[in-house]
Amino acid sequence: MIRRRFILKSLLAAAAAVSVALSTLLPGAFAAEISDGVVRIGLILDLSGPYSANTGKGSAAAGKMAIDDFGKKVLGAPIELLVEDPHNSTDRAAAIARDWFENKGVDAILDVSGSSEALIVQRIGDTRHKIVSLSAPGAERLTNEGCTATSIHYVFDTYSIGHTVGTALVDRGFKTWFFITVDNNFGYDLERDTAEIVTAKGGEVIGRARHPLDAPDFSSYLARAQQSKANAIGLANAGADMTNTITKAKKLGMIPGPQTFAAMSLRITVVDALGLETAQGLTLSESFYWDLDDATRAWSKRFFDIVGKMPNSLQAGVYSSVTHYLQAVARAGTDATDPVMAAMKAAPVDDFFAHDGKIRADGLMVHDTRLFQVKAPDESKYPWDYLKLVATIPADQAFPPLSQSKCPLAKK
């Protein structure tokens, strides 16, 4: 039975490769192979909860921009975008994914807010043999124990955050760490991955405090961090929890202060909401910043005209991943899962979001990452001039080696 399955998978992979090769030679040859005549893309986004500032309407707008820029059609078929809010419920996210795949004709889900929700949607995509690409969630297990043959982790994972922030700060003398961590998959993975690189480089974790999602008050956690006298306070949380932690730290006189806050999942949208007076000095890892070069500025200004805010990496990642998916459909000549996945993995990601990015066998899209520091108010020279580049971490150092992956697909 195992040998039969192996042979079947090998035949499917060979068929996918042939389809991609033929579509390259005969671009219109498979145009009729668009399921029900429409290419449907779904985004499961937090539109009103703790992660809405980082994803929400901005990610939905980025997805629509990608479709519009592609001409609203691929292989002559119209492209439709569906967006729904799971209200931070894994059950709700699962119900949306099942309904979309079984009843709505969705060909691919190209983002899911929240790691816990993403893990279950990714599994449903696997059982329905549908593509799931993830820009917002960060849990490393998405491309380790939870990996599937039809999923992609596109923007970041907890390993890349930890290795970007941990490497750069320990190298700059921040040797002792205290973690404030949200009690969920994302928080555990982020703390573990950062702690590993801190200790590997000669640093030390001298304390930690864990809080529930949507914690009402962070005073006690911050008091413990302050009393530890750690050089760096690592915030292994996100969304409203992270914002409330930073706001309380400012009120307690800890920002600015002798301890550096590593707000590892901080995004520029949150910096804008907090203001530089509150966010100054915070360090963060980002794959993308709107003001890096001419290409990032050009796209980001278009995004700003629609949304009224500059984009963060999660939103830019949605645009990039939707575009990469549609390009793969065009190259494969079909929206069938196997040829499209083969085309996505065969082509590099080279756009304003990432240069020479590669989707590996385990589904992880690897690319350079960067450490930024939030500017003080007097350092900012124009609107949204919030971050200064501290260090760039090459892709092969920012992400885990494929040889260390726990994903069975990495061993083939």
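Author: A definition first: strands here are DSSP runs of at least two residues, numbered from the N terminus. Keep in mind that this is a predicted model.

Reader: Fine. Where is Asp362 found?
Author: Asp362 lies in the loop between strand E12 (358-359) and strand E13 (365-366).

Reader: Is Asp362 buried or exposed?
Author: Buried. Its relative accessible area is 1%, and the cut-off for buried is under 20%.

Reader: Which side chains make a polar contact with the side chain of Asp362?
Author: Arg360 is one of them, at 2.9 Å. The side chain of Ser405 is another, at 3.5 Å.

Reader: And which residues is Asp362 in contact with, leaving aside neighbours within four places in sequence?
Author: Thr143, Cys147, Leu402, Ser405, Cys407 and Ala410.

Reader: Switching to the sheet of six strands. What order?
Author: E2-E3-E1-E4-E5-E6. The sheet is open, and its pairing is mixed.

Reader: Which are the edge strands?
Author: Strand E2 (73-74) and strand E6 (151-153). Each pairs on one side only.

Reader: In which sense do E2 and E3 pair, parallel or antiparallel?
Author: Antiparallel, over two bridges; E3 covers residues 77-84. Lys73 stands opposite Pro78 in E3.

Reader: Which helix packs on the sheet and touches E3?
Author: Helix H2 (residues 56-69). H2 also touches strand E1 (39-44), and its direction makes about 180 degrees with that of E3.

Reader: And what packs against E5 and E6?
Author: Helix H13 (residues 337-346) touches strand E5 (131-134) and E6. The direction of H13 makes about 35 degrees with that of E5.

How values were computed: Residues numbered from 1 in each chain as written. Predicted model: local features only at pLDDT ≥ 70, side-chain atom pairs only at ≥ 80, totals over all residues. Heavy atoms only, no water. Pairing = 2+ DSSP bridges. Helix = DSSP H or I, 4+ residues; strand = E, 2+ residues; numbered from the N terminus. Contact = heavy atoms within 4.5 Å. Axes fitted to C-alpha atoms, helices over the stretch in contact; angles between N-to-C directions. Buried < 20%, exposed > 50% of the residue type's maximum accessible area, 1.4 Å probe, protein only. Polar contact = N/O pair within 3.5 Å; in protein donor to acceptor, adjacent residues only side chain to side chain.
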